[in-house]
Amino acid sequence: MSKEREPATVAAVDAAALQNEALAAVAAASTPAELTELRTRYLGRKSELKQALRNVRDRESGMTLNAVRERLEEAFALREAELDRTALDRALSSDGVDVTLPGDELRVGQLHPTTQIRRLVEDAFLGLGYEIRDDREVETVEYNFDKLAFPSTHSSRSPRDTFFLSDDVVLRTETSPSQIHHLESREPPVYMVSIGRVYRRDAITATRYPIFHQFEGLAVDEGLTLADLKGTLLHVMRALYGDDRRVRFRTHYFPFTEPSIEPDVSCGICGGAGCRTCKLTGWIEMGGAGMVDPQVFANVGLDPEAWTGFAFGCGLERAAQLRHDIPDIRALWENDLRVLRQF
Ligand code: DAH
């Protein structure tokens, strides 16, 4: 090395100016790439500082340059940490998942009001020790009418009232055929409820629909009376409509019961005082019922002298309408979620 170059090189480095320039550049660096580039420029092997350090001959300028190097190393490390943190903050706020935020609400569906009523009815009867039964919707004329002692002239036997699939097969018009199926498959005593769809050729109105559901009850035992029927219906009506309900019977006619009655339940809207829903009577019709006709016992091979029984049938949609005060039965078949979500 020549004598001229040595001092010239050291002198060419103004340590303070170099440090200020480098510190300003580091502070202004806004990306890790920029910082890497600056590190090469100010601290790299070919940087002014490193070259000067390599050529240092005296202790003093060595110490000065080393102090600058340390100061710069520190500044680079600090700025690098700052940039890392900024990058992390940005990532967290843009695509981070905040696990403490409430999630999107998942709507859980609920049972259709008719199904809710069906379950209430099932619970009420299971509590009384009844068996639940499910039967066919496509039924023979024999089971839908003949064995239930419908006279040959009964209006329900007409294709105007009933959907016939052939001369002797119909869509069942009621759940009453379950009485026959049950008595043909079990020895009394029996206590059973059959629930399901039935079909009638009715025009659609606010209170009628050609498809609906019924629950049908049958009890056959020794010594049953109308009082047992009344107590049973009272229990179920109270389960459906509340403890303060009363039940009354009106005489009626059905082919398979004798005597036949129609049970009414006291109106819950007016408490029995009379209102629009109960047509000012204080009572609401609940379906049909009666004591099993001796002819029905004979039709299934049971001795009418040995056995007594009662039966009843009620519409589920009607029960749902009454329980929830639904003015139009069509709402139960249209599956409009705005309606169904209210129950
Ligand atoms: N099946 C009748 C109907 O749909 C209702 C009914 C009446 C059922 C009397 C019965 C009963 O079990 O005993 O109109």
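A residue counts as buried when its relative accessible area is under 20%. By that cut-off, 41% of the 343 residues of the chain are buried. This is a predicted model, and every value here is computed from it.

Start with the overall build. The chain holds 12 helices and 11 strands. Its radius of gyration is 45 Å, while the globule rule gives 20 Å for 343 residues, so the chain is more spread out than a compact globule. The box around the C-alpha atoms tells you the dimensions. Along the principal axes, it spans roughly 140 × 45 × 40 Å.

Now look at the contacts. Take those with a separation of 6 or more in the chain: 65% of them join residues 24 or more positions apart.

Next comes the surface. The accessible surface of the chain amounts to about 19,400 Å². Carbon and sulfur atoms make up 51% of that area. As for charge, the chain carries 42 positive and 54 negative charges.

Finally, turn to the cysteines. A disulfide is a covalent bond between the sulfur atoms of two cysteines. How many disulfides does a search of the whole structure find? The count is 0. Two cysteines show the reasoning. To count as a disulfide, two cysteine sulfur atoms must be within 2.5 Å. For C270, the closest cysteine sulfur is in C267, 3.6 Å away, so that gap is too far for a bond. For C275, the closest cysteine sulfur is in C270, at 3.7 Å, which is also too far for a bond. C275 itself is buried, because its relative accessible area is 15%, under the 20% cut-off.

Conventions
Residues numbered from 1 in each chain as written. Predicted model: local features only at pLDDT ≥ 70, side-chain atom pairs only at ≥ 80, totals over all residues. Heavy atoms only, no water. Helix = DSSP H or I, 4+ residues; strand = E, 2+ residues; numbered from the N terminus. Rg over C-alpha atoms; globule rule 2.2 N^0.38 Å. Buried < 20%, exposed > 50% of the residue type's maximum accessible area, 1.4 Å probe, protein only. Contact = heavy atoms within 4.5 Å. Areas by Shrake-Rupley, 256 points an atom, 1.4 Å probe, with all protein chains shown as cover. Lys, Arg positive; Asp, Glu negative; His and termini not counted. Charge placed at Lys NZ, Arg CZ, Asp CG, Glu CD.
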